[in-house]
Structures are given as C-alpha cells and as structure tokens.
Amino acid sequence: MELRAAETPDDTAFFFTDDKGVVVQISCRAFYDDVRALGTYLLSEGFKGEHVGLLGANSYEWLVVFFALTTTGNVAVPLDARVPVQHLTQIMQYGDSRRLFYSVEFEPAMPAFSGAIRDFEGFPLKDLGEAIGKGREKLSAGDASYRDFVIDREAMCALVYTSGTTGTPKGVMLSQKNIAANINQACTNFILEGNGMSVLPFHHMFGLVVGALMVFNYRYPCYIVRNLRNIARDFQTAKPECLFVVPMVIESFAKQLKAMGRRAGGQVTPEMVKAFTGGNLRFIICGGAPLQAQYVKLFRNFGIEILNGYGITECSPVLAVNRNEDMCDGSVGPVLFGCEVKIDEDGEILARGDNIMLGYYKDPEATEKAMLGGWFHTGDLGHIEDHYLFITGRTKNLIITSSGENISPEELEDKLLLDAAVAEAIVYEDNGALAVMIYPEPEADVPECYFDALVDKMNQGEPGYRAIRKVSLRTEPFVRNSTGKIIRNL
C-alpha cells in the first residue's frame, strides 16, 4: 500500500458507483492517506491488540477499516452480513470482539449487540469520514504513532470464521505473512492485464484476497460491486478483464444470458455477451465450490475462459488455479508456486507453505489435528494428474458401506449434474443403501419418471455398491453457505 502510494500515487486503486450514481475513483495516494489517518485515529482511541468486527456490504470504507486495523496491531474479524444477528453476536463472543464497525443497514441491530456483548462499542461506517478527519488533524499536529508502529508479520491480523458445510464455524487465525504470501503466490499463477471486478463479499477470504487485494497487487484498478442488483450497469462502468466469482454467480449469469437470447428472439451471440460485460472480459476466476464443466464450455463459446480454482480459508485461501495459458477442464489447475501439495494414502489433500494459517483460535486440539505431521489436512479428497489438481470430494462426506467400500457422493453427484434437467443433487446413505435427492432445473419441464430413468441409466455403469436405489425430488433449492456450497447436514 505504501509502496503503491510512493511509486504510482495517481493511479486508480479502487473505483465504485455511489448511491447517487456517480463513479468515484480512489487513487493509490488517497487510499494510503485514508488508511494512515484512520490508523492514527484508532491508535489514539486505544485500539491496541483489539479484535474488531467488520460488518457490512462491500465498500471502499470496509477496505480502509480492514487495512487500518491490520497495520496497527489489531485483528480484523470479518462478519457475514447475511447471517442472523444472534449468530453474529456469538461469533464476536467466540472471537473476543467487543468493538464493531458496521454499515447503516445494521443500525437497528445494535441494541442486540449491546445486550449480548459486554462493553460493546459500535462505529458506523457512514461516520468514517469524521474519524479519518480527526486522524488527519493528529497527523498535521505531528502524531507519528502510525508511522512508528512496527508490524509483526508473524502475528494474527485477521480472525476469519469459516462458513463450513458441516459442524460449527472455526476461527481461522491468519497473519500478514499468510495473506501476503498467498497474494504473491496467486499472482504467479494468473496474470491480470486489465481492470478487476470484485463481486464476492469481502468477509470471505476469496472475495477479499483474490477479488480485491490481488488486483491491487497487480497494479490495476479494482471495481467494487456494492450491490449485485446493479451488475449490468457495473459491467459498463468497470469494463473488467477479469471477474472473480463462485459457481452460484456463474449459474445466475448463465440464466441471464439465456433470457437475453430469448428476448432477442434467438441464440445468445459472443457479440451480445461482449457488449453486456463491458467489452473487455476475457477471464472469470471461479472458486469457493465445485463448478460444473458445462459452464466452462458455455462461456468458452462466448470467448470467455472460466479458470476454476481451489482454496480454503485456512490457506489464505488459494491453493491452486488454472492459468491463462495452462488449463485443464475438470481440474482446479496447477498448485500455486511457493505452495506444496501432496495426496496422502487415504486420498486427502495436504498442504504446507507460508500461506497456511497460524491455527484455530482458542482450539489447540483442532489445530493439532489439522496440522498433523506439519501438513495442513484440508479435509478434501483429490488426485494430481500431470501437474493438475482434481477435487473428488470431502472426507467428512464419505459414505462407508457395510462391506468397507468408500464412496465419495460428490463423484456421483457430478455425473447427475451433467444432465440439463438436474439443477442440484445430493447423494446420501439411507438404511444402508445409496439415495439421491434432486432439485430439478425449473425450466426443464420433465416428469418425475425422467429422473428415475436417469438414475437407472447411470447405475448401469457403476458397481453394485455404488448404485443409487432411491430417488426423491425437492421443490426448493438446497440451503447454501456464503460461498455457494450446499450445507449438506441441512
């Protein structure tokens, strides 16, 4: 940040469209000045070694607070704005947080935070300009506390609670070294040559590190999408070369394009897609959850490469991603340079490197279990072919038959999802036999017997113990977490 301010002070660091429809551009120098002023203010107000919550939609102010906290020896605790307030207060209690920066829509929830958290203090993001102004006054008066503060790059600077699909969230402790290492590692796999567009929530490490900080490190402007409802307008303003998303966004995007084609009275053309996305979109980096291969092929027909990747919060978060000129459909790409990955005898993916977390907050037993032998055990199953990593499932989701056979439900689900009539599917065990619950594609308009026939056909290519014996249908989509993964235990 300081280096960018010195070397490219007038370059745009971030830009966004404000509530009045005005495009606001923030230079590298202005960004550094805002962070430095807010950091000075925080130090003067006794923010020293504090765990501070950050709650709100993506915004420039959110980023300024994150940087100011993490460069003054405090710990940022990003919170998911989409979960119930009761859950948020519990996370703050678990994370020993009593101070919270929040956006205006959470003002009505502040009494709940005050009632649940002792000595609670709330700081509205709408008043951030006032705090920055006070910090500037202190800087003008000679306050050098921010300049003189020595950052311990090995110490925790962010406490990120996972939005896992099973069990209770764990507090992942990440250091400056962890995050910086991952930014640099990711930048060696993928080369950005134009504007980035950040649509994923900053409270999730993929959205923050890849969607915003990696773009900043590439020295290209990062456009902050503040509301997905305005995505069509934002494309025209941002004119991104690359978009950073989860599969759920890709699926929604594909439906929009199909609707566009219907309105045009025919098929969607590459020219139509190019116009819709601002004219420069060449790559979409997708992570956070498995992506169906059909979408990679669909967007390739429009001249856009979807580069699937793989990461986990504990790895800050990226471990692998397909590259601009080095990609393999169905894989999550080559492992990042500077990060080691191996597959153990049970097929689990293990990783080590400077990007691996410090551990789980106040949970030494879980930390020890996750870091056996000096390798982080991801809980994901996979294999490496050539130099490409493939994900095949989760260890926690494995179905073990009475005969001792291990079945990865995700492998069977992926086969079902190849059919256009299947929107979502979960394979599970029911009284010793495999069963599947399917949410049909709403536009498919096929009878229930279609899915019975589909499963029967798939069973013909499987050994008996992998045959699905029961099929049921849902009328509503499965519940998902903030990165689009289905919460299987619900």
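The dialogue below takes some labels in turn and sets each value against its cut-off.

Tutor: One point before we start. This is a predicted model, and the values are computed from it.

Student: Then let us begin with cysteines. What makes Cys157 count as buried or exposed?

Tutor: Buried means under 20% relative accessible area. Cys157 has 5%, so Cys157 is buried.

Student: And why does Cys449 get its label?

Tutor: Exposed means over 50%. Cys449 has a relative accessible area of 52%, so Cys449 is exposed.

Student: Now Glu7. Where does Glu7 sit, and what is its accessibility label?

Tutor: Glu7 is in helix α1. Its relative accessible area is 46%. Partly exposed covers the range between buried, under 20%, and exposed, over 50%. So Glu7 is partly exposed. Glu7 also has a distance to note: Cys28 is 21 residues away in sequence and 9.1 Å away in space, C-alpha to C-alpha.

Student: What is noted about the phi of Asp96?

Tutor: Most residues other than glycine have a negative phi. Asp96 is not a glycine, and its phi is positive, about 55°. Asp96 lies in the loop between α4 (85–94) and β5 (97–102).

Student: Why is Asp96 called partly exposed?

Tutor: Its relative accessibility is 41%. That falls between the 20% and 50% cut-offs, so partly exposed is the term for Asp96.

Student: What about Ser316?

Tutor: Ser316 has a positive phi too, near 75°. Its place is the loop between β13 and β14. At 0% relative accessibility, Ser316 is under the 20% cut-off, so Ser316 counts as buried.

Student: Which kind of peptide bond joins Ser316 to Pro317?

Tutor: Most peptide bonds are trans. The bond between Ser316 and Pro317 is cis, with omega about 0°. Pro317 is in the loop between β13 (305–311) and β14 (318–321).

Student: On to strands. What makes β18 and β19 a pair?

Tutor: Two strands pair if there are at least two bridges between them. Strand β18 (residues 376–385) and β19 have six, so they pair, and the sense is antiparallel. Within β19, Leu389 is the bridge partner of Ile384.

Student: Which sheet do they belong to?

Tutor: An open sheet of four strands, in the order β15-β16-β18-β19, with antiparallel pairing.

Student: Why are β15 and β19 called edge strands?

Tutor: Because β15 (339–343) and β19 (388–394) each pair on one side only. On average, neighbouring strands of this sheet are turned by 50° against each other, direction ignored.

Student: Last, the second largest pocket. What lines the second largest pocket?

Tutor: The second largest pocket has 30 lining residues, with Met1, Glu2, Phe67, Thr71 and Gln176 nearest its centre. The volume of this pocket is about 960 Å³. Helix α8 gives the largest share of the lining, six residues.

Student: How do the lining residues of the second largest pocket divide by type?

Tutor: There are 16 nonpolar, six polar and eight charged residues in that lining.

Technical notes. Residues numbered from 1 in each chain as written. Predicted model: local features only at pLDDT ≥ 70, side-chain atom pairs only at ≥ 80, totals over all residues. Heavy atoms only, no water. 1 Å grid on protein atoms, 1.4 Å probe; cavity = no way out; pocket = protein on both sides within 12 Å on 5 of 7 lines; lining within 4 Å. Points joined across faces, edges and corners; volume = space filled by probe spheres on them. Helix = DSSP H or I, 4+ residues; strand = E, 2+ residues; numbered from the N terminus. Nonpolar A, V, L, I, M, F, W, Y, C, P; charged D, E, K, R; others polar. Buried < 20%, exposed > 50% of the residue type's maximum accessible area, 1.4 Å probe, protein only. Axes fitted to C-alpha atoms, helices over the stretch in contact; angles between N-to-C directions.
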